[in-house]
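I opened the file and kept notes in the order I looked things up.

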Amino acid sequence: MLNLISIVFTGLVVGVLARFFYPGDVDIGMLKTVLLGVGGALVAGLFVSWRSGRTFGEGVNRAGCLASVIGAMLLIFLGRNL
């Protein structure tokens with residue numbers, strides 16, 4: 001249960017940072033901000049797993065906060081342009 005709370009809190013922080021640093025207005029609600037942060041962490045973790053040569057099933061790498069924010073910003077960009 002504490003791990004789930006930790007994931008939601010981290011997702012909130014990463015999502016808010018990504019919305020803050022992304023140029024332009026990002027008009028999404030609080031739930032979507034949390035999902036954006038969690039998604040950004042997953043994108044960054046998958047990228048780190050891919051670059052290290054391990055498969056995703058071998059264990060998810062928890063990327064750093066900066067990489068998670070960049071992953072969330074990438075998701076904002078993809079969501080706006082696709």
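What is the mean pLDDT of the chain, and what share of its residues reach 70 or more? This is a predicted model, so I checked that before anything else, because low-pLDDT coordinates should not be read in detail. I found a mean of 79, with 84% of the residues at 70 or more. By element, I noted the lowest confidence in helix 2 (residues 30-52), at a mean of 81, and the highest in helix 3 (residues 65-81), at 86.

Next I looked up the fold. I counted 3 helices and 0 strands, in the order α-α-α along the sequence. For contacts with a separation of 6 or more, I found that 59% join residues 24 or more positions apart.

I then checked the length of helix 2. Among the buried residues of helix 2 I listed G37, G39, G40 and G45, along with L36 and V34. Just after the helix, I noted that G53 has a positive phi of about 90°.

I went on to the largest nonpolar core. I found 8 residues in it: V14, A18, Y22, V26, L36, V69, A72 and I76. Helix 1 (2-21) and helix 3 each give two or more of them, and helix 3 gives the most, with 3. Leaving out residues up to four places away in sequence, I have V26 touching R19, I76 and R80.

Of the 82 residues, 27% are buried.

Notes
Residues are numbered from 1 along each chain as its sequence is written. This is a predicted model: local features need pLDDT of at least 70, side-chain atom pairs count only at pLDDT 80 or more; totals for chains, interfaces and linings use all residues. Side-chain values use heavy atoms; hydrogens and water are left out. pLDDT is the predictor's confidence in each residue, from 0 to 100. Helices (H or I, at least four residues) and strands (E, at least two) are DSSP runs, numbered from the N terminus. Buried means under 20% relative accessible area, exposed over 50%, partly exposed in between (1.4 Å probe, protein chains only). A nonpolar core is a set of buried Ala, Val, Leu, Ile, Met, Phe, Trp, Tyr and Cys residues joined through side-chain atoms within 4.5 Å. Contact means heavy atoms within 4.5 Å.
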